[in-house]
Amino acid sequence: MNKKFNTVGKSVRKIDSLSLAKGNALFTDDFQLKDALHISILYSPHAHAEILSIDTTDALAIPGVIRIFHHENVPRVLHTTAGQGFPEPSAYDTAMFDKTMRFVGDRVAAVAAETKEAANAAVKAIKVEYRELPPLFDPETAMDKDAPQLHGEDAKMPIPVKYDASRNLAAEVEIKFGDLDKGFQEADFILEDTFHTQYAAHCAIEPHTSAAYLDERGRLVIITATQVPFHVRRIVSRVLDIPIRDIRVIKPRIGGGFGGKQEVFLEQLVGLSTWSTGRPSRIYLTRPEVFVSSRTRHPMRVTLKTGVKNDGEITALEMDALMNNGAYGSHALTVLSNGGSKVLPLFNKIKNIRFIGHTVYTNLPVGGAYRGYGASQTYFALNQHIDMVARKTGQDLISFVKKWHIKVGETSPVFQALGEGKEGVAQIIKSCGLDECLDKGAAAIGWYEKRGKRIKSAPGKVRGVGLSVSMQGSGIPKIDMGSASMKMNEDGSFNLYIGATDLGTGSDTILAQIAAETLDIPVENIIVLSSDTDLTPFDVGAYASSTTYISGAAVKKCAAKVREQILGVAAKMLNAKPDELKVNESVVTHAESGKSLTYADICTYAMYSNDQFQIQASASNIAPESPPPFIAQFAEVEVDLRTGKIRVLKFVSAVDCGQPINPALAEGQVEGAVVNGLSYALTEDYLFDSKGRMTNPRFWDFKIFTTKDLPEMETILVNSYEETGPYGAKSVGEIAINGPIPAIANAFFDATGVRLYETPYTPERVWKRLKEENRLEN
Amino acid sequence: MKTKLTVNNKPVSVQFSPTDRLLDVLRNNGFSEVKEGCRDGECGACVVLLNGKLVNSCQVLAASAMDATVTTVKGLEKDKAAPIQEAFVDAGAVQCGFCTPGMVLATYALLQENPAPDTRQIQQALDGNLCRCTGYVKIIEAVQLAAERTNSHE
Amino acid sequence: MEQLNWYYPEDLNEAARLVSDGDKAPHSGGTALIRKGFRKIKSIVDLSRLPMHDIEVQRDRIEIGAMCSYDDIIRAFRSVDPGHVLVQSLKNSASTPLRNRITAGGSVAAFPAWSDFVGPLLLLDAKVDLIGRETGTFPLSNYLNRRELRAGSIITRILTENFPHKGLHYRETRTHVDYPAFTITLTAAPADGVFKGLRVVVVGNKERFRRLTELEAALNGKTGSILDSLNIDDFFPVDFPDRKHGSGEYLGHVARIALMDMLKMIAGGQA
């Protein structure tokens, strides 16, 4: 596993970080657009209503108001905002403006005005008459016969999968292996529990924002905070009926995404405004708008039934998931599928399995892509059942996991059965460092010293430790495509053009490192340009933990082609054969003659001397498989048995992401995901009033962690070297968010003997659980 | 309304309406390094030094900052700011970087007062700056690194 | 909206004259004003140029100019009494940049339910100096209870007692940077396991604040062992409203536990 690398495996400086730290780097709203129109949106105050009339007379009379868009003057083109590949596995159920309002926060109209103040004043001056419709808030009743129906017959899935708007069914998934009944009959005992996870927000610190202008040739240029510039171009083209050739999408620095900026919902609005007025336009959402009208993590109900033999063998497992997608079906099918496909293969020795899932519409905020993507929700259930099984059969949880988890050379039928909108792809695991993760993590948390000890740390306070294990994927196999092109400059530097989208993760740096490794040069010699649909080749964008593995392999292929050309020129210059040449730090040496050339010499020769040509190449990559990273995460908690308050004292994550290309950035992904996961577990929640209105759409009331809330944190990288990955790499972006919810629940049980079935673990909810189980102390 | 601010050591004449916030006035005058994350005083992306004090510029009415001296991340004393910025880079504390100007300013204000802060003091000083990318671990390390480097130079 | 006028009085008489109509909003730090919005406001009187920036911490009294920020107050105690109950409460209030901006006067005048400042002030029997429609020195509790004292007047100074007592401040929050659902503040003289000079106040309950005089009377002069037989419910006539932090019932439960923990710390000399 200890491969020798020059740049890979080193924590080189993130290439954009100094300009960010100095405040020089530009984000979408930092671009000065002369005389730009400001767009403000009027939102539905009702969860479910029909617009009877819109009167914009007064609003248009406000000085500075240029245009007001609404369902009567904008063509109704049903599409999905999901920002996925084509055809999307999400329903075409969304119009830019519709006559029916489906949640508090749905879009009624948008005003384009000379100033933000005028736009906001006009929003208030629009008169709308609504006819309220009965709202649907409870996902459990969404498919009932008498439930209010949210979408009409024109809402359609663009791919052939089950979808039934008449039953509010946005997606359905079912897979089965073996004989479930037989499996449960063979069991000595059966566990059956229901778990609920809540709505949550991404909370990228930069709000959603887009800007647009017409270039000198009249093409539409959109600068936008997106994870998916090429999908933006395609979706805007379709919705606004503008040819793709007339649209350019630029992603500048973006202030965090976490899946939230995969959603394409502002770009068509600035595009519409600019295309129809000829004026630059911009929109910058307020924080309450981000909470309510952008996308969320889908809440899920997961019922898990597990049949177990007394020796711990799981003979049958049935997972039934009900996902609430809110008003529109963004990522309805794929998040649900991922809840099975990224989770069930982990314990691959279970022969009898059924996964059944439904995603339903409700008149609540819209779900979308969010780091973890369904797996975080279902791992909550699975990890608690694994903990229960180990306990009930008298085994140490770590030994139990080691015995039953998927290993190198093994597979799971789930890989093939469950994909993204179609069947998945069979694969055999080629790297798995989970055992080492378990051992190193256990040592770091002090597992064997603390487990089951119920240490009383103060009156009423007791401690416990818990474990969560999970896997994720590395891109979507046979679907996600990334590409790269490179050209060489006569000083021995290289331009690297990638469609891949750095949303703050450092993927520009990672991809530069991969190129630098291949060419044997310092990373400083790579000049990265990414995410501009006019200048860079296609890439699906930043989602599904794909960039390092899929786009990284494209970069590696591309750089290898460039290297070949370099050696070809050098061979000519040195009168040698390319395979007699060696490269070391930008110098090509011919051992036999002792002659050497620098990259600069070679490029200069190629450009100016003889048979001139530009040393350049491009390459694309799709992956035939999606090797999972693995993680073991440990929480130590202190529970106040009098109040229900849980304090996480220490959190350890040991992750196998293959060869980390840049260890500091890999750790940063884990640490960021963990802290996000901790507040997802403990404090983050959407509170709604009886009308379906979110009552806490601000950071003061949607509590994400600050510096002061951190537990002691430890992150351990376990290098398993994935042979199919670029320089051994697998993904690391999402996986670490899976652990906090189950690890804390399992630690809580270790401390108290009480199970938690519902997130977030707010003090009052936990207090009630302790009361139910007679575990409260005075 | 109008006033003359001193922003990053240069006089800047600004116009604004009576309820405008300092954040908007700064951004409208080209100081795009001051970021808007919440307009609610919690995220800290918009912090500046106002007459030397770290404040949320979204919580300051421009009309209350007549003739004020404002320092953004670009106007800090270079010899004191550079070690902080370099430490953030070296510690891997910059991911998306949207919070970073605010984090650097909060660190600067802290180190002015306390050149050798412990972890708790760092956590306290950065409590007004949200970051969703890093989990703060490397940010806290960056502040420690900046303090060490600054102290070893003096 | 554009009609709004700002006034920048430079002496107290001018300020008094301006605010006494009652139709002008005073501005000190601005955080409360921004939160409230400008819908009903025609003009704003900025108090920053008035001579009320001084703070004085004496052994037996404290004088806080209304324009002092939370941070100014914390600093004033730094060399004198860094563990003072006011410091305990303010250093965890809001966040660093907000503590630089929130002022003493503005904080008392706005008195949000989640104030961290009012609890300790009530314990220290604070008084406020007013100018404007009302002029003079008024007990803080009167000021907070009587709307007519607040409209048309501004606080220039807060005066409190000071004594070398131990203090504790509890804030019920969801994360560390949060406005509290309620606070409990207490002070007591150090006296060998005997309660002496105990004062307790709750802020954020249904009646906004309450000094627990019955509890003080029951404990003062008694040894710490009285806590073993104390039924806190008998001395805790406090109800909480439902908040985003939790239901009123739950908050009441947590408040009782927090209070008992604080009393035990005082009795055990751990404060």
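Domain bounds in these views come from an automatic or database domain assignment. The structure is a predicted model, in which local features need pLDDT of at least 70 and side-chain atom pairs count only at pLDDT 80 or more, while totals for chains, interfaces and linings use all residues. Residues are numbered from 1 along each chain as its sequence is written, and chains are lettered from A and ligands numbered from 1 in the order in which they are written.

**View 1. Domains 2 and 3 of chain C in contact.** The assignment for chain C gives domain 1 (5-46), domain 2 (55-161) and domain 3 (166-267). Between the C-alpha centres of domain 2 and domain 3 of chain C the separation is 21 Å. Two residues are in contact if their C-beta atoms, placed from the backbone, lie within 7 Å; here 16 residues from domain 2 of chain C and 16 residues from domain 3 of chain C take part. On the domain 2 side, helix 4 (85-91) and helix 7 (118-123) of chain C are the elements that give two or more residues. Helix 7 of chain C supplies the largest share, 5 residues. Helices (H or I, at least four residues) and strands (E, at least two) are DSSP runs, numbered from the N terminus. This side of domain 2 of chain C has 8 nonpolar, 7 polar and 1 charged residues. Ala, Val, Leu, Ile, Met, Phe, Trp, Tyr, Cys and Pro count as nonpolar, Asp, Glu, Lys and Arg as charged, and the others, Gly among them, as polar.

**View 2. The two domains of chain B.** Chain B is split into domain 1 (2-74) and domain 2 (76-153), with 21 Å between their C-alpha centres. Each domain of chain B brings 12 residues to the contact. To the domain 1 side, strand 3 (residues 47-50) of chain B gives the most, with 3 residues. By class, that side of domain 1 of chain B comprises 7 nonpolar, 2 polar and 3 charged residues.

**View 3. Chain A against chain C.** This contact draws 15 residues from chain A and 12 residues from chain C. The chain A side divides into 5 nonpolar, 4 polar and 6 charged residues.

**View 4. The largest nonpolar core.** A nonpolar core is a set of buried Ala, Val, Leu, Ile, Met, Phe, Trp, Tyr and Cys residues joined through C-beta atoms within 7 Å; a residue is buried if 20 or more other C-beta atoms lie within 10 Å of its own. Of the 391 residues in this core, Val111(A), Leu496(A), Ala515(A), Val655(A) and Ile744(A) touch the most other members. Helix 15 (residues 547-574) of chain A gives the most to the core, with 13 residues. Leaving aside neighbours within four places in sequence, the contacts of Val111(A) include Ile39(A), Ala59(A) and Ala122(A).

Technical notes: Buried ≥ 20, exposed ≤ 12 C-beta atoms within 10 Å, placed from the backbone.
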